[in-house]
Amino acid sequence: MKGTEVAAAVAADIAEIDTFCDSLWLEDGLSKTSLASYRSDLVRLASWLAQNARCSLVTTDESVLMAFVASLSRTLRASSQARYISTLRRFYRYLLANRRISIDPTLKIDMPAKPSRLPKVLSEKQVEALLAAPSNDDARGLRDRAMLEALYATGLRVSELVGLRLHEVNFDMGVVRVFGKGSKERLIPLGEEAIDALRRYLEEGRPALLAGKPCDDLFVTSRGGAMTRQAFWQLIKRYAVLADIDPARLSPHVLRHAFATHLLNHGADLRVVQLLLGHSDISTTQIYTHVARERLKSLHAKHHPRG
């Protein structure tokens, strides 16, 4: 196909993709980030089909989709391949349910074997150093400390953290109200340290950053808007250096891992950790029991006389 023909074919498929994403939003209340991921995956498939198979999303078949998945395996890790396959399965089940196709072409497409990887975890000493890294002498430092304290205290996803609004923090109850994946609501305790950091930020830091600009977001920048995921990612890397932690080992999600692992190390029930993290399936939470077990084994080996 010529470039113009490919573009026209993809444009026709995009209408199908948009209808599918609208359905996900209406039925499941998925976030903008999740919808953008579905859309990106399907646009990539549509472009590949137009260039390599001369067919559309609706007219393709099992063998062509398998060839597409095989092409992904040459450039993507197993986890990324699995995400694409999940997208394909959901899309084609949607088409089947709406009688746009008569056979699901993804039925025989298997997930790639993923290597067993334990999440990176910080020690409690490293977390203490990280939380102490921001300055208490300026507005940005107060904001950054409050964000780090809140993240470690609650185990929020970074999108949940930066998406918090003022009214979702209840100081009287000592909890934060979060709407996670699928718009599921959960209440998470903050703890005294996080509450103190948030109070000082709201009293001193936030007003200085906003300088009178109206804003309902909890964590803001001097531009008058909410902190973004990307900006917070860079922020946490900067504080890693100050805390003498390898920046490559630290991300917002690593603090979420630390939250879960440290709770389990101190005797928390796995079901409670599942609720706090907002996992729909406890099998997702169980990986942290492996992390905690490895930590206990290393402590035993280090300190037991016959370790």
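**Exercise 1. Find the residue in E2 that is the bridge partner of Asn170, then work out how the sheet is put together.**

Step 1. Asn170 has Val175 of E2 as its bridge partner. Helices (H or I, at least four residues) and strands (E, at least two) are DSSP runs, numbered from the N terminus.

Step 2. Before going on, note that this is a predicted model, in which local features need pLDDT of at least 70 and side-chain atom pairs count only at pLDDT 80 or more, while totals for chains, interfaces and linings use all residues. Residues are numbered from 1 along each chain as its sequence is written, and side-chain values use heavy atoms, with hydrogens and water left out.

Step 3. Look at the first pairing. Strand E1 (residues 169-170) and strand E2 (residues 175-179) are antiparallel and share 2 bridges; two strands pair if DSSP finds at least two bridges between them.

Step 4. Check the turn. The hairpin of E1 and E2 has 4 residues between the strands, and Gly174 takes a positive phi near 70° there.

Step 5. Move to the other neighbour of E2. Strand E3 (residues 185-189) runs antiparallel to E2 and is joined to E2 by 5 bridges. Val178 has Arg186 in E3 as its bridge partner.

Step 6. The 3 strands make an open, antiparallel sheet in the order E1-E2-E3. E1 and E3 stand at the edges with a single partner strand each, so one side of each has no neighbour in the sheet.

**Exercise 2. Count the salt bridges, then describe three of them through their residues.**

Step 1. Apply the rule: a salt bridge is a side-chain nitrogen of Lys or Arg within 4 Å of a carboxyl oxygen of Asp or Glu. The count comes to 9 salt bridges.

Step 2. Start with Arg90 and Asp28, whose closest N and O atoms are 1.9 Å apart. This pair links distant parts of the chain: Arg90 belongs to helix H4 (residues 78-97) and Asp28 to helix H1 (residues 3-28), 62 residues apart. Arg90 is partly exposed at 28% relative accessible area, and Asp28 is partly exposed at 29%. Here buried means under 20% relative accessible area, exposed over 50%, and partly exposed in between (1.4 Å probe, protein chains only).

Step 3. Turn to Glu160 and Arg157, which form a salt bridge with closest N and O atoms 2.6 Å apart. Glu160 is buried at 7%, and Arg157 is buried at 12%. A network of salt bridges links Arg157, Glu160 and Arg186.

Step 4. Finish with Arg200 and Glu204, where the closest N and O atoms are 3.3 Å apart. Both sit in helix H8 (residues 192-210), 4 residues apart, about one turn of the helix. Arg200 is partly exposed at 33%, as is Glu204 at 40%.

**Exercise 3. Say which residues touch the most other members of the largest nonpolar core, and trace the contacts of Leu164.**

Step 1. Define the core: a set of buried Ala, Val, Leu, Ile, Met, Phe, Trp, Tyr and Cys residues joined through side-chain atoms within 4.5 Å.

Step 2. Read off the residues. The largest core has 50 residues, and those touching the most other members are Leu130, Leu148, Leu161, Leu164, Phe219, Phe232 and Leu255. Elements that each supply at least two residues of this core include helix H6 (139-154), helix H9 (229-242) and E2.

Step 3. Follow Leu164, leaving out residues up to four places away in sequence. Among the residues touched by Leu164 are Val176, Arg177 and Val178, as well as Phe219; contact means heavy atoms within 4.5 Å.

**Exercise 4. Decide whether Ser23 is buried or exposed, and list its contacts.**

Step 1. Ser23 is found in helix H1.

Step 2. With a relative accessible area of 13%, Ser23 is buried.

Step 3. Setting aside neighbours within four places in sequence, Ser23 is in contact with Asp28 and Tyr94.
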